[in-house]
Amino acid sequence: MPFRIFVYAKFITLGIFSLSLSSVVSAQQDKTTLNGYVRDAATGEELIGVTIYLPEIQKGVTTNVYGFYSITVPAGKYIVSFSYVGYTKVEQDIDLTANTELNFDLKSAIETMDEVVITAEAEDANVTDLEISTEKIDLVALKNMPSVFGEPDLIKMVQMMPGVITAGEGTSSYFVRGGSADQNLILIDEAPIYDPSHLFGYISVFNSDVIKDSKLYKGGIPAQYGGRLSSILDVRTKDGNNKKYGGSASIGTLASKATIEGPIIKDKASFILSARRSYADLFLKMSGNSNSVYFYDVNAKVNWKPSNKDRFYAAAYFGRDAFNIDGVFGFDWGNATGTFRWNHLFSEKLFSNTTFIASQFDYGLELSDPALGFKWTSVINELSFKQHFNWFISPKNELDFGYNFVYRRFEPANFNPTSESSIFTSTELQKLYALDHSLYVGNKQTVSSKLSLIYGLRLSIFQNVGPGDVKIYDDPQNNIRPTVIRVDTYDNFESIINYINLEPRFSARYLINDLSSVKASYNRMVQNVHLISSGTVPLPFNTWNPSSTYLKPQIADQVAVGYFRNFKDNMYSLSSEVFYKKMQNVTDFADNADVFFNEDLATEFRQGDSEAYGLELQFKKTRGRFTGFVNYTWSKSTRLIPGVNLGNPFPSNFDRRNAFNILASYLLSERWNFSSTFTYSTGRPITLPTGQYEYQFYRPSYISERNGYLLPAYHRLDFSAVLTPLKNKNRHIQTKWVFAIYNAYNRQNPFTLHARDIEVDDVSTGQKEFVMIYLFPIVPSVTFNLSF
């Protein structure tokens, strides 16, 4: 490892040690520590974000993502309160004469008709939280939200958040604050998901029945996260009920699913297993249709708590989509992840999480034909190790630090004929390998009753390694035919090129009063994986490449400032943020690039700068019969890349100036709940040919300007009605019906444009016309759910 890597690592380690030592020295000898876990009394699930508060000294703390808390205070007698929205607040007298462990179970509150809370956050979180540019996804609202085919979809909810732009119909991709879809890191139980879509984005890979918590970071990103420029979507799944057995099942228009959970050893170990499958292929087969289309996914998790100091988790996700057209052409793609975690409590103040992760994404295309038959596959594999420490130094300082290591193997393309008479020959693009190290430290500090800070530093160390051959060109940016001057060969794990980057992070919150605050943040993010795509619509059939000799790491610097205000005893909340983001080394292809099985693909890469800025507004009502939100985003995103668009600035593919989203929910009675969503966004930029020219026997298209045209605006109205029959006290089964209408006024929203020849009397005129391709008409659906 290069000497400067060692110096950087030593610098961060010394910084952590110095901060820790100063905190320990300043601690008083008569102080004691109260710590423990807070759980759901009915299921045993650890609760994230519970507030533990001592009113006598006006000090408090919240549970971390594993339900653990720790607070150090002077010895004495206190009233300790435990509060969490949706649960009954509990207060307990305690005499702290020594370090004390206090684990607590909270009971779910019985909601009244006049006081319905749909948020999973504290009522004043909009104002008091230190986090800025962060959205905690409301799981109750998610399950009542109208959705295509009646399947609740986490990604559809994410796409409605301020600062997030949907890619349109037929994709689960989204764009955050001027960044591309590949610049979003999507995690399930800490494992990365490279493509979150089922059925080309009709729904996502996230089964709402197993989601425990979900948070989207658009800015002010903590130092423990890295690897992407624009956002982090961190999804945590349920651990499984360790008190009693239970489950749920649903039958919908598109798919059915079932979940079962329960204790392996009561209060010590539990499991949860959930599976979904669509059944369009079964109906097609019964009708004699030779086409086939289906998806499935499985979530599984087990955990074991041998003591209050140790807990072990093992989680897995498997999902796949498969299409087959008349038995001739087929394509499929899928994600698979596995996570093993060990939580350990070293002391009353020091909590650790050790994680081992495996992740794979692959896709395949296959054509069955004696002469033209082929099979094309692409795979990316990832193995990673994470060591995270959470040190509750004092009520004023909470330190996070750790180390991440990732190994990636890229198989861009394997192309093989499917018959001996095929005109094709086997072709394989060279496999690529990379190592990614990161060290980080971050501190959450309460400076005063009004001012709080979160600051940290992340050190990113990336290595592109062998085995492999690297072509050295005389001029890799030569648009005609670059000349190879030599080929360098590297052995296993031999370093080809290293990239080292520091990523500072900073956030601040200042309370103006109990009802309003201002917040600000700055963060630098670095990304060392690049999506290789020549299209404007993100699809599963794109490949990924690591940073390399010809691909520099992408870097983003972002600043955000916001004003936050609550009204009428926190029933209403208003937030407004402005942001500015500057990105370096964003990747695109040169004009008229040759990207299909090009062994010199590195010469087609072009990197340059991107700039984005915008305004985000959110108004939310969280209590009462009528609840919901209104979100608006105005933003602009441009790029300037040498060799692209003749070197002139151009709007990015996701430059949609206006986005407007509404979610409204009305609880009519204990049995009926009605919801509606409306979404609008400016049309997506698209690159179109403006003419053709003749070259020998060909008619190539002439492209005049990158993203020079706009598709029509996207807008859609959806409705849903949820009927929950009153539960019979003598039965343990609860049923629910969900009636939904997707795209209620049958808007033809464009997916893309297709160029086709203009024919007269079945003879081509040599001219082309563009035809709009639409996906979803009005889609009614009915879903039946039961739980026990």
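Which residue forms a salt bridge with lysine 212? I will come to that pair in a moment, after some ground rules.

This is a predicted model, in which local features need pLDDT of at least 70 and side-chain atom pairs count only at pLDDT 80 or more, while totals for chains, interfaces and linings use all residues. Residues are numbered from 1 along each chain as its sequence is written, and side-chain values use heavy atoms, with hydrogens and water left out.

Now the pair. The partner of lysine 212 is glutamate 45, with the closest N and O atoms 3.5 Å apart. A salt bridge here is a side-chain nitrogen of Lys or Arg within 4 Å of a carboxyl oxygen of Asp or Glu. Lysine 212 sits in strand 16 (residues 211-217), and glutamate 45 in the loop between strand 1 (31-40) and strand 2 (51-54), 167 residues apart. Helices (H or I, at least four residues) and strands (E, at least two) are DSSP runs, numbered from the N terminus. Both lysine 212 and glutamate 45 are buried, meaning under 20% relative accessible area, with exposed over 50% and partly exposed in between (1.4 Å probe, protein chains only).

Lysine 215 counts as buried because its relative accessibility is 18%; glutamate 131, at 26%, counts as partly exposed.

Next, arginine 177 and glutamate 616, whose side chains meet in a salt bridge at 2.7 Å, N to O. Arginine 177 is in the loop between strand 11 (174-176) and strand 12 (184-188) and glutamate 616 is in strand 38 (residues 605-621), so this pair ties together parts 439 residues apart in sequence. Both residues are buried.

Salt bridges that share partners also build one network, which includes Glu45, Lys212, Asp234, Arg236 and Arg341. The count of salt bridges by this rule comes to 35.

On to the nonpolar cores: sets of buried Ala, Val, Leu, Ile, Met, Phe, Trp, Tyr and Cys residues joined through side-chain atoms within 4.5 Å. The largest has 30 residues, and Val148, Leu254 and Trp376 touch the most other members. Strands 23 (329-345), 24 (350-367), 25 (374-394) and 26 (397-417) each give it two or more residues. Apart from this core lies another, of 26 residues, among them Leu34, Ile71, Tyr78 and Leu106.
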